[in-house]
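Hi everyone, thanks for making time for this. I'd like to walk you through one structure today, so please have a look at it while I talk.

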Amino acid sequence: MSRPDPVGAASRRAAMRLLDAVLRKGLPLEAALDGAARDLDRADDRAFAHAIAAETLRRLSDLDILIDSATRNRLADDSKARAVLRIALVQVLAMRTPPHAAIATVLPLVEGGPKRLVHGVFGALMRSEAKLPESPSLPALVEERWRSAWGAETAEAAARLLAVQPPLDLIFASERPPEMEGISLLPRHLRVTGRTAVADLAGYGEGRWWVQDVAASVPARLLGAGQGRVALDLCAAPGGKTMQLAAAGFDVTALDVSKSRLARLSENLERTGLNAEILVADLMKWEPKAPADAILLDAPCSATGIFRRHPDVLHRVRPRAIAELAQGQRSMLARAAAWLKPGGSLIYSVCSLEPEEGEAVADAFLAERGDFELDPVRAEEVPSEMAPKAGRIRLLPGTFEAEGGCDGFFVARFRRIS
Ligand SMILES: C[S@@+](CC[C@H](N)C(=O)[O-])C[C@H]1O[C@@H](n2cnc3c(N)ncnc32)[C@H](O)[C@@H]1O
């Protein structure tokens with residue numbers, strides 16, 4: 001008969017299932033959470049399991065180097081012993097769990113497996129006072145990809161930022177109250193300094209702001225004031241950009257294929273008191289009744305620009321998926337373009353650090369469409385740190401690094417000329 005798990009083992013078991021879902025099955029961390037944490041009733045246990053898995057994904061390459069330094073025969077990548085060692089070590093070396101608690105809560109997860117080996121490797125690393133490097137190492141393939149796309153400095157900044165808690169950015173529907181403390185990088189933006197629960201921050205209940213990374217707030221800003229003009233927000237959920245457009249005075253239709261994500265958008269609109277028409281639809285099949293003055297296509301992408309908040313992308317997004325996503329983005333952009341009035345503005349954006357999903361999609365669109373031109377972003381429209389390149393915005397890890405960095409994004413604005 002197996003012994004009952006010690007207190008705390010269940011959240012480690014959930015963390016291990018989460019890591020398996022990401023690393024072996026290629027699932028996004030958030031999508032895997034419900035299944036992996038099915039035995040956990042308490043929200044704080046679920047949050048802890050998620051935190052262990054996310055920190056392991058941020059530190060995976062360095063954890064594996066340590067494990068390999070202490071084993072005579074290399075453990076298979078998908079072996080239970082390696083999985084358990086990763087989560088025991090990350091707790092001690094990056095999450096301040098005392099070693100005895102970290103090992104006692106993971107050993108039951110190797111029931112019937114190489115417990116002695118796990119115990120031995122963990123003990124040896126503790127005795128040698130093993131440490132993780134200050135700046136985490138990116139997975140080799142990602143490091144190579146970003147280095148070749150953006151240069152060594154950007155790849156190094158990305159690694160440095162992986163060790164730092166991502167910032168909490170608020171976007172305000174109107175002018176932000178001066179009494180709230182923080183750093184403002186753009187109008188109606190505040191980067192909250194210090195750690196406060198979101199719901200405890202002033203103005204949450206009244207819906208004066210929503211959480212949105214400063215980089216993610218750029219695409220909607222580039223459409224300017226709405227003045228009652230009609231805007232289509234395609235791929236809208238959970239609605240950060242819909243709220244910006246509604247707050248700027250657009251008459252917004254927010255469309256998304258995901259009903260559950262649109263439910264979050266509805267909650268967001270309700271909390272902030274902003275309005276938009278909401279449509280559950282696949283934009284590859286849907287047709288509007290009339291053309292729009294402005295269109296925002298924040299297309300589904302690899303999300304590698306949000307690697308700090310979602311470190312699973314570092315391990316599961318492969319070049320083939322990037323190429324497939326880019327194909328989908330080109331089709332979506334072509335379809336969206338047909339719904340714009342002459343003289344209207346079309347924004348294309350992705351939270352991706354892959355040029356195939358950003359620059360290349362915009363270039364291909366302009367090459368194919370004689371009826372559109374690039375509407376270059378002017379230097380005065382954005383802060384100097386976000387300076388446009390060839391009239392487009394490319395935000396890289398390292399933008400605003402001293403202030404905590406920002407998400408990776410690509411944004412282009414086009415005008416319909418006929
Ligand atoms: C990058 S997210 C959008 C984020 C959103 N714009 C915001 O600011 O909160 C991409 C969205 O595209 C939606 N999506 C994916 N394929 C779609 C399709 N064929 N038609 C409509 N929406 C789609 C996804 O459900 C997802 O919500």
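One definition before we start: when I say a residue is near a molecule, I mean that its C-beta atom, placed from the backbone, lies within 6 Å of that molecule. Please also keep in mind that this is a predicted model. The mean pLDDT of the protein chain is 95, and 99% of its residues reach 70 or more. As for the overall scores, ipTM is 0.99 and pTM is 0.95.

Let's go to the ligand. Which residues come nearest to the ligand? There are 17 residues around the ligand, and C235, G240, V257, S258 and D298 come nearest. If you sort the shell by class, you get nine nonpolar, three polar and five charged residues.

Now for what the record says. The unreviewed UniProt entry lists C235, A236, A237, P238, G239, G240, K241, D256, D282 and D298 under "binding site". Let me pick two of those and look at their surroundings.

The peptide bond leading from A237 to P238 is cis, and its omega is near 5°. You will find P238 in the loop between β4 (230–234) and α10. Is P238 buried or exposed? P238 counts as buried, because it has 20 C-beta neighbours inside 10 Å, and the cut-off for buried is 20 or more. Setting aside neighbours within four places in sequence, P238 is in contact with R261, R264, L265 and N268.

K241 is a charged residue by class, yet K241 is buried, with 27 other C-beta atoms within 10 Å. Leaving out neighbours within four places in sequence, the contacts of K241 are P219, A220, D233, A236, L296 and D298. One of these, D298, is also among the residues that come nearest to the ligand.

Next stop, the "active site". Under that heading, the unreviewed UniProt entry lists C351. Where is C351 found? Look at the loop between β8 (340–350) and α14 (359–368). C351 is buried, since 28 other C-beta atoms lie within 10 Å. Apart from neighbours within four places in sequence, C351 is in contact with A216, C301, A303, G305, I306, D407, G408 and F409.

F409 brings us to another residue, V218. V218 touches V382, M386, I393, F409 and V411, not counting residues up to four places away in sequence. V218 lies in helix α9 and is buried, with 24 other C-beta atoms within 10 Å. If you want a sense of scale, V218 and V317 are 99 residues apart in sequence and 25 Å apart in space, going C-alpha to C-alpha.

Let me zoom out to the domains. The domain assignment of the protein chain gives domain 1 (9–127) and domain 2 (215–416). Taken over C-alpha atoms, their centres are separated by 36 Å. Nine residues from domain 1 and six residues from domain 2 make up the contact. On the domain 1 side, α1 (9–23) and α3 (43–69) each supply at least two residues. Which helix gives the largest share of that side? The answer is α3, with four residues. By class, the domain 1 side that touches domain 2 has seven nonpolar, one polar and one charged residues.

Finally, two residues for anyone who likes checking backbone angles. R188 has a phi near 60°, which is a positive value in a residue other than glycine. R188 is placed in the loop between β1 (168–172) and β2 (189–192), and with 18 C-beta neighbours inside 10 Å, R188 counts as partly exposed. Q227 also has a positive phi, near 50°, and is likewise a residue other than glycine. Q227 is in the loop between α9 (218–221) and β4. Q227 is exposed, with 10 other C-beta atoms within 10 Å.

Terms used: Residues are numbered from 1 along each chain as its sequence is written. This is a predicted model: local features need pLDDT of at least 70, side-chain atom pairs count only at pLDDT 80 or more; totals for chains, interfaces and linings use all residues. Domain bounds come from an automatic or database domain assignment. Two residues are in contact if their C-beta atoms, placed from the backbone, lie within 7 Å. UniProt positions are given in the numbering used here, feature names are shortened, and annotations may be inferred rather than shown by experiment. A residue is buried if 20 or more other C-beta atoms lie within 10 Å of its own, exposed if 12 or fewer, and partly exposed in between; C-beta atoms are placed from the backbone. pLDDT is the predictor's confidence in each residue, from 0 to 100.
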